[in-house]
Amino acid sequence: MSARHFDAIVLGAGAAGLMAALTAGQRGKRVLLVDHADEPGKKILISGGGRCNFTNIHTAADRYISENAHFARSSLARYTPADFIALVGRHGIAWHEKTLGQLFCDGSARAIVEMLMHECREGGVSFAFGQPISALDHGDGLYRVTIGGLEHHAPSVVLATGGLSIPKMGATGFALDIARRFGLPVVQTRPALVPFTLGEDEALFRSLSGLSAEVIARAGKAAFREAALFTHRGLSGPAMLQVSSYWEHRTPIHVDFLPDAAGDWLLDEKRNRPRATLRSVLGRRLPERLADTLADRIGLEGELSNCRDAALRTAQDQLARWEFTPNGTEGYAKAEVTAGGISTRALSQKSMESTKVPGLFAIGEAVDVTGWLGGYNFQWAWASGHAAGSSV
Ligand code: FDA
């Protein structure tokens with residue numbers, strides 16, 4: 001590859017960058033796609049347990065967290081899950097819906113990366129993989145990107161280097177550093193879709209490591225009914241990952257351990273099974289070890305017939321709003337995504353171009369738009385990548 005002039009240089013060959021490059025390339029633009037990793041789409045390869053949960057059919061802007069809740073709407077409307085499903089279909093990739101609208105490949109996630117690379121080649125995209133970006137400068141209406149001692153230039157550059165999650169896989173703060181250098185505001189980043197850690201007070205729950213149960217987990221106004229998993233460090237599983245994106249440090253999360261229990265169910269149990277104990281009643285509804293732990297914590301001994309109604313009501317309420325105050329999260333090392341990032345205030349929602357710095361685009365996880373668990377983050381990467389690729 002020699003130094004050349006391009007119409008656009010896309011930095012980062014992850015989900016968003018691949019989509020931006022193939023879209024622009026197929027519009028006849030000369031595109032250079034750059035990544036410091038020696039192969040593209042590494043996160044796609046490990047996503048969804050190796051089967052890539054590539055979209056969610058319930059995609060809507062209210063399933064994304066951002067300072068500007070409406071920002072994602074425009075891109076999401078112009079490149080929808082149906083568009084990506086059609087692309088996958090054209091490549092003969094078999095898929096299935098797992099739960100909650102989550103679409104996965106039947107086979108390996110590698111098929112998605114191969115599909116995107118094939119589409120890039122169809123668009124005549126040039127690649128520069130496996131070497132660091134040593135400089136990025138701007139002047140006279142051109143961006144100059146130096147890779148391996150060679151300078152490439154283009155009137156447009158697309159920041160698609162993702163967020164800070166999983167540094168071991170090559171995640172860097174590159175996009176955020178460049179954004180700051182060009183004067184774009186950055187919303188404070190934090191790990192999201194990340195397991196919680198529990199302190200000594202909750203050691204009892206850590207002893208349930210490996211156990212999972214369907215719960216409703218709440219943080220602030222956000223509530224998710226999915227599986228929770230107790231780990232040796234704290235709490236994980238989809239319900240916990242989801243609320244982690246809304247959680248603020250030093251605030252509690254609340255867990256309803258019996259999401260199907262209705263009304264005064266414990267008083268009904270007292271009437272119908274007066275000789276039962278709280279432990280035995282919970283044991284019929286929950287995994288045994290969890291039932292024992294909760295009963296121990298509530299401390300209501302003896303047969304239900306000997307328990308006062310008020311005490312049973314208190315126990316009911318406790319089980320429906322069990323309070324945990326995590327002492328932290330497992331951080332970027334374990335976070336599926338990064339919340340925060342390049343502020344949407346700085347970008348056009350139609351093109352993803354900076355409103356102040358012409359030719360500078362930002363897409364994907366680098367931007368302050370964070371999806372729920374379940375294919376929403378890839379759909380954002382495809383949609384924002386498509387928006388930029390249509391505009392460069
Ligand atoms: P992404 O991180 O994919 O790509 C950024 C690219 O930039 C990388 O190729 C990286 O090498 C490159 N780069 C970084 N710094 C650079 C630098 N300084 N110079 C040059 N290149 C640089 N989402 C979902 O919807 N469904 C799912 O099933 C999953 N599963 C999943 C599992 C795991 C374990 C993780 C960690 C994450 C997921 N996700 C997910 C989230 C999803 O992977 C994520 O939202 C997208 O990959 C974001 O796409 P981007 O293209 O923005 O960044």
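This is a predicted model: local features need pLDDT of at least 70, side-chain atom pairs count only at pLDDT 80 or more; totals for chains, interfaces and linings use all residues.

User: What does the domain assignment of the protein give?

Analyst: Domain bounds come from an automatic or database domain assignment. Here that assignment gives domain 1 as 8–190 + 340–389 and domain 2 as 196–329. Their C-alpha centres are 39 Å apart. Contact means heavy atoms within 4.5 Å, and 5 residues of domain 1 are in contact with 8 residues of domain 2.

User: How do I read a sheet, and what is the strand order in the open sheet of 3 strands?

Analyst: Helices (H or I, at least four residues) and strands (E, at least two) are DSSP runs, numbered from the N terminus. Two strands pair if DSSP finds at least two bridges between them. The open sheet of 3 strands has the order β8-β9-β10, and its pairing is antiparallel. Its edge strands, β8 (133–139) and β10 (150–154), each pair on one side only. On average, neighbouring strands of this sheet are turned by 20 degrees against each other, direction ignored; axes for such angles are lines fitted to C-alpha atoms, for helices over the stretch in contact, and angles run from 0 to 180 degrees between N-to-C directions.

User: How many bridges join β8 to β9?

Analyst: There are 6 bridges between β8 and β9 (residues 142–147), and the two strands run antiparallel. Gly139 is opposite Leu142 of β9.

User: When do two aromatic rings pair, and how many aromatic pairs are counted?

Analyst: Rings of Phe, Tyr and Trp (its six-membered ring) pair if their centres lie within 6.5 Å; planes under 30 degrees apart count as stacked, over 60 as edge-to-face and the rest as tilted. This rule gives 16 aromatic pairs. In one of them, the ring centres of Phe224 and Tyr246 are 6.0 Å apart and the planes lie at 40 degrees, so the pair is tilted. Phe224 belongs to strand β15 (residues 222–230) and Tyr246 to the loop between α8 (237–244) and β17 (253–256), 22 residues apart, and the pair links distant parts of the chain.

User: Is Phe224 buried or exposed?

Analyst: Buried means under 20% relative accessible area, exposed over 50%, partly exposed in between (1.4 Å probe, protein chains only). Phe224 has 5%, so it is buried. Tyr246, at 29%, is partly exposed. Phe257 and Trp322 form an edge-to-face pair, with 6.0 Å centre to centre and 75 degrees between the planes. Both Phe257 and Trp322 are buried.

User: Which residues do ring pairs link into a cluster?

Analyst: The cluster consists of Tyr64, Phe224, Tyr246, Trp372 and Tyr376.

User: Where is Thr293, and what does it touch?

Analyst: Thr293 is in helix α11 (residues 288–298). Its relative accessibility is 8%, so Thr293 counts as buried. Leaving out residues up to four places away in sequence, Thr293 touches Leu204, Phe205 and Leu208.

User: What is the place of Ala13?

Analyst: Ala13 is in the loop between β1 (8–11) and α1 (15–26). Ala13 is buried, with a relative accessible area of 1%. Not counting residues up to four places away in sequence, the residues Ala13 touches include Leu33, Pro40 and Phe129.

Key:
Residues are numbered from 1 along each chain as its sequence is written. Side-chain values use heavy atoms; hydrogens and water are left out.
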